[in-house]
Amino acid sequence: SKRPTEDGIRQTVSVEGGSYGTAALAYGLVQKQGALETSLNITKLHTEGYSAASSGTEADGADLTRLSFGARYQASDRVAVGGNLFVQRVVQDYDGFDPVTFLPADAANVQTRREAGARVFAEVTAGNTQHVFDVTAFDVWRDYDDLFGGSSYAGKRLGLSWQATTDLGDALTLVYGADTMREDATYTNLPGGSTDTRTSGVYAQ
């Protein structure tokens with residue numbers, strides 16, 4: 001949802017339909033009261049889908065439900081803080097492969113995916129420089145049910161970042177910062193069952 005520009009509550013509802021039995025319903029609410037802004041969004045989508053296999057006849061459908069929330073507070077003319085949160089669940093059918101030709105073929109495969117993410121941020125203005133500090137987290141869980149049996153995957157990501165933008169003149173702006181991110185994954189078919197990695201960096205442009 002777009003950020004509100006004046007005090008009050010604004011609500012939106014949208015209904016969409018399309019081919020392959022696709023329908024979507026969305027509700028959004030944004031509110032501004034002085035220095036506080038909040039938003040809420042709910043989305044529901046359903047599709048009967050189609051077969052990805054060229055000779056397939058079995059439609060591969062999907063259902064999605066998503067809920068998100070956001071808040072931002074202007075603490076002063078130089079400092080703003082806030083956060084965002086979302087959760088999502090998807091259940092979808094997908095085609096498999098012929099065990100002999102390895103070509104796409106109809107199969108009663110189902111994936112169930114659950115996701116959750118969050119962000120906490122602070123925006124600080126100091127002189128001619130704007131700073132943005134971020135802490136983000138993202139979790140995903142996937143369960144697979146196919147002809148080869150069941151399997152599961154779980155991943156976690158945690159990130160920290162800082163970005164600064166400095167105006168050096170009418171035609172020159174410097175953007176610089178640093179970030180670090182750690183990712184952990186657990187997968188049934190992964191050798192050892194789990195792995196993790198960390199990526200860090202600095203930049204300027």
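Predicted model: local features only at pLDDT ≥ 70, side-chain atom pairs only at ≥ 80, totals over all residues.
Ten strands make up an open sheet here, and their order is E1-E2-E3-E4-E5-E6-E7-E8-E9-E10, with antiparallel pairing. Strand E1 (8-18) and strand E10 (194-204) are the edge strands, each pairing on one side only. From one strand to the next, the twist averages 10 degrees.

Residues are numbered from 1 along each chain as its sequence is written, and side-chain values use heavy atoms, with hydrogens and water left out.

Let's walk along the sheet, beginning with the loop between E1 and E2, where tyrosine 20 sits. Its phi is positive, near 60 degrees, in a residue other than glycine. Most residues other than glycine have a negative phi. Next comes strand E2 (residues 22-33), which pairs with strand E3 (residues 36-50) in the antiparallel sense over 11 bridges. Within this pair, alanine 23 stands opposite histidine 46 in E3, and valine 30 has serine 39 in E3 as its bridge partner. The hairpin of E2 and E3 has 2 residues between the strands, and glycine 34 takes a positive phi near 65 degrees there.

Stay in strand E3 for a moment, because that's the place of glutamate 37. Is glutamate 37 buried or exposed? With a relative accessible area of 9%, glutamate 37 is buried, since buried means under 20%, exposed means over 50%, and partly exposed is in between (1.4 Å probe, protein chains only). Leaving aside neighbours within four places in sequence, glutamate 37 is in contact (heavy atoms within 4.5 Å) with Arg3, Pro4, Gln31, Lys32, Gly70, Ala71 and Arg72.

On to the next strand over. E3 and strand E4 (residues 60-74) run antiparallel, joined by 13 bridges. Two examples of facing residues are leucine 40, opposite phenylalanine 69 in E4, and isoleucine 42, opposite leucine 67 in E4. Leucine 64 is also found in strand E4. Not counting residues up to four places away in sequence, leucine 64 touches Thr43, Lys44, Leu45, Gln88, Arg89 and Val90. Leucine 64 and glutamine 88 are 24 residues apart along the chain, yet their C-alpha atoms are separated by 7.3 Å.

E4 also runs antiparallel to E5, with 13 bridges joining them, and the two form a hairpin with 4 residues between them. In E5, asparagine 84 is the bridge partner of glycine 70. E5 in turn pairs with E6 in the antiparallel sense over 18 bridges, where arginine 89 has arginine 114 in E6 as its bridge partner.

What about the loop between E6 and E7? That's the place of asparagine 128. Asparagine 128 is partly exposed, with a relative accessible area of 42%. Not counting residues up to four places away in sequence, asparagine 128 touches Thr165, Thr166 and Asp167. Asparagine 128 and arginine 114 are 14 residues apart in sequence and 42 Å apart in space, C-alpha to C-alpha.

A pocket, on a 1 Å grid over the protein atoms alone, is an open set of points where a 1.4 Å probe fits, with protein on both sides within 12 Å along at least five of seven lines, and lining residues have an atom within 4 Å of a point. The second largest pocket holds about 160 Å³ of space; grid points are joined across faces, edges and corners, and a volume is the space filled by probe spheres set on the points. Its lining has 14 residues, and Glu123, Val124, Thr125, Gln130 and His131 lie nearest the centre. At least two lining residues each come from E4, strand E5 (79-97), strand E6 (104-126), strand E7 (129-146) and strand E8 (149-169). By class, the lining has 4 nonpolar, 6 polar and 4 charged residues, where Ala, Val, Leu, Ile, Met, Phe, Trp, Tyr, Cys and Pro count as nonpolar, Asp, Glu, Lys and Arg as charged, and the others, Gly among them, as polar.

Key
Pairing = 2+ DSSP bridges. Axes fitted to C-alpha atoms, helices over the stretch in contact; angles between N-to-C directions.
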